[in-house]
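Hi there,

Here is the structure I promised to pass on to you. Have a look at it first, and then read my notes below.

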Amino acid sequence: MKRRRIAERGIEGLLVFCGALSILAVLFITLFLFLRGAPLFKKVPLTEFLFSTRWEPTAADPGYGILSFIVGSLLVTGLSLVFAVPVGLSVGVYLAELAQQRFSRAIRTAVELLAGIPSVIYGLFGIAVIAGLNRSAFGGTGYGVLSASIILAIMTLPTIINVTEVSLRAVPRELREGSLALGATQWQTIIRVLVPSARSGIAAGVILGMGRALGETMAVLMVGGNAPIMPKGLNGMVRTLTMNIITDMSYAKDDHLTSLFATGIVLFVFILALNLVVQIALKRSLSGAEGAAGA
Amino acid sequence: MRESERGHAAKIRQERWAFGLIRALSGATIIILAAIVGFILWRGLRYSNETRSPYLPYAERSPEGVAILVNGGLRLEELDFEQLLGIYSDEYINWAKICADATDLLPLALEPGAPGAGSAEALVFGQAPAWGALVEFSPTPEALLERLASTPGSIAILPEPALAGLKPEARRIGLRRLVVAMNPEAAELVNERSVEEISLGDLAGLLRGSPASWAALGGPELPVRPLAPESRGPLAAALEAAGLEAPLPAGGTPAEDSGQDTCAAIASTPGAVGFAFARDALGAGLPLLRLRGRETGWNLKLRYLLEEPRLSGRAGGISTIILNTLSMLLLTVGIAGPVGVAAAIYLVEYARQGPLLRLLRLGTETLAGIPSIIFGLFGMLVFVDLLGFGFGLLSGCLTLSLMILPTIVRSSEEALKTVSPALREGSLALGATKLQTVFRVVVPAASPGILTGLLLAVGRAVGETAALLFTMGSDYKLAKGLFSSSRALSTHIYLLFAEGISFDRAFSTATVLIAVVLAFNLAAKRLVGRMSRNAAR
């Protein structure tokens, strides 16, 4: 009996360890990334790293400025949201409020499969189709901010659609019925009542999609053009933080390699900040829904 | 009152528009999916490439009465003249640059001086034979054919009469040797441009004298003068066999008969253009017009799936890469599966509500949001360097395991939560311990949900590239152990593209990958469907 108790304790210990593994992994990733990347700031001041556009890591007088990549990341991500948010919101509304079962099932399957397509395949599609269309429409090489953000918009759609649908469904029935009973049309109910009360959930979805777009590597690498300069306009070539890491990774040495880990830190800080905002927004949306249901 | 009614009607109309827009956008998601998957499949199964070659797309079966034979194992249908010349003058040592095979190349020929050997020699070298050192000579056609049948990657040229009565165990291939040669003056640079290429469609016009001046094609101000080959000469016969009626007298400018030596005539006539044999045109140093055409065919063949890749994927197939991907998936699920399920069991069955549980959940959420490139950096730092596993299967799988852990934990949690409390309580009431209850009752009841999560996680892992590139390595040979560098399908696609090896091959590999991913996702979906039906029952 006692042996069994000890065995149970042991297994429980194992379960605790597994449960804690995720948070341990996050801690370790943070720790190692900072340990490996932060030494760069002894040689290059943080302000120069963040606010200079001179990226010449292999020059005799190396320059480690990643401002153009930060701007590139934000530009590509922002533009992708401009495309993805209206579409994602509409589809989310359709799935939650309007669709008949048959259509909603087909669309949901499509959205799930879109989410499952690997990024390298999005990249191939981007090169062959999006960049080609872009080239014939606006000239230039076709590789650049616009192509990258269109691909990213398609990739972030599933996230935005799912979270929008879930948060619209979480809006209590009473609100919907109350609005309709007061004589509002279905459209007025959706726009004035449902979407506003689901707004923190929707915001969380958008930010989640933003995080995904910011961290995406392969697809933007293949269609972004990857020139290490400040993007010149919406059709200019662009290099994002992720592209900078993966491009130089294969040959970087010493300080250059350290600077790539430092780039990783910047990306990681962006992502963590976004995650934090998502957590707060989701918590608020849940408690908001509960509060409304209680009232 | 009427005013407001009209306003109301307008509003209703607007709303109808808005709903229509929403419906259209929703339908667009299906269209986007269909476009992407359809495009990849279409490009993966069929290829359609623009070709630029000086040779006319016509292969002669017996050029000048000479047969070109290759060993039956070689996958080759035709050669162009320069390839043939290169083969017999030591320019190639294996087939990789010519066709999809990478076997060593062995050129065979009849000994110079043997009866009939002269015609083969003349076909390749014209007047000045310059056999390469690799060429192996045989005294008789019989000996040559025997050598050909017994040596993979061998090729032979021999006169047709010598073949009479023999049944060679070899395949006869065609030779492309018809080109369009132009007078050097017509190919001169004008404003840093010169006439270089023409589409096959425009060629017929050019040979009829339209456009009338080379300037229309970006060349100098020089009249186009199409020259016809000597009637009843070998060139005219070859053109006739190819179904080409070489420069037709039309539009009032009759093509001039070039006489016996077409190339000499083209070289000496300003603005001249005409068909020629590649051997003669190259020998005379004439510029050749490159012909633009389109070539289509099957891209993804069964052979591609079953053969080993060679020469960085330029030749061969992807069999070892598929096997590497499978072992990667098995190992990854082997690591992440038990850990993830155990984590979910702890979170659902053991952990008490409180700050600790919130922290653990936060960990899972945060891990799920970290981009794959960061996992790649971490994996390279810790597994590859610090723990010394090197670029290999183990480093890659450990990195991937961390990546897919949140997916597994979350879906297993959901599955465990749906198990009805009555089952748990019943088991406990019967005197089972908590552990027995969890592993004998709760987990089995939740297993379809857990399996679904595993399938989804595998679907994510199989498409991952950025995290694998610098942890798992890129060797395309079969992985020999946990520490051997190996290439997955997704990495292969990227490298085929990034190293500029072959876009067509990238697409056929992508077709395989997308089939695998869709299979996993649809399997997971079916499992969910069955589960919810069971639950409803």
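In chain A, the C-alpha centres of domain 1 and domain 2 lie 32 Å apart. This is a predicted model, so please keep that in mind as you read on. Domain 1 of chain A covers residues 2-37, and domain 2 of chain A covers 49-294. Where these two domains touch, four residues of domain 1 of chain A are in contact with six residues of domain 2 of chain A. The domain 1 side of that contact is made up of two nonpolar residues, one polar and one charged.

While you are in chain A, find helix α5, residues 101-116. This helix has 16 residues and reaches 22 Å from its first C-alpha to its last, close to the 22 Å expected at 1.5 Å a residue. Buried residues in α5(A) are I107(A), A110(A), V111(A), L113(A), L114(A) and G116(A).

Now for chain B. It has 19 helices and 15 strands, and its assignment gives four domains: domain 1 (2-48), domain 2 (63-176), domain 3 (179-298) and domain 4 (304-536). The centres of domain 3 of chain B and domain 4 of chain B, taken over C-alpha atoms, are separated by 60 Å. For the chain's overall extent, picture a box of roughly 105 × 85 × 45 Å along the principal axes, filled by the C-alpha atoms of chain B. The radius of gyration of chain B is 34 Å, whereas a compact globule of 537 residues would have one near 24 Å. Of those 537 residues, 43% count as buried.

How do the two chains meet? In all, 68 residues of chain B are in contact with 62 residues of chain A. Helix α1 of chain B (residues 2-45) gives the largest share of the chain B side, with 17 residues. That side divides into 50 nonpolar, 13 polar and five charged residues.

Finally, the cores. Which residues have the most contacts inside the largest nonpolar core? They are I121(A), L124(A), I151(A), V223(A) and I493(B), in a core of 176 residues.

Enjoy exploring!

Best wishes

Notes:
Residues are numbered from 1 along each chain as its sequence is written. Chains are lettered from A and ligands numbered from 1 in the order in which they are written. This is a predicted model: local features need pLDDT of at least 70, side-chain atom pairs count only at pLDDT 80 or more; totals for chains, interfaces and linings use all residues. Helices (H or I, at least four residues) and strands (E, at least two) are DSSP runs, numbered from the N terminus. The radius of gyration is taken over C-alpha atoms; the globule rule is 2.2 Å times the number of residues to the power 0.38. A residue is buried if 20 or more other C-beta atoms lie within 10 Å of its own, exposed if 12 or fewer, and partly exposed in between; C-beta atoms are placed from the backbone. The expected span of a helix is 1.5 Å times one less than its number of residues. A nonpolar core is a set of buried Ala, Val, Leu, Ile, Met, Phe, Trp, Tyr and Cys residues joined through C-beta atoms within 7 Å. Domain bounds come from an automatic or database domain assignment. Two residues are in contact if their C-beta atoms, placed from the backbone, lie within 7 Å. Ala, Val, Leu, Ile, Met, Phe, Trp, Tyr, Cys and Pro count as nonpolar, Asp, Glu, Lys and Arg as charged, and the others, Gly among them, as polar.
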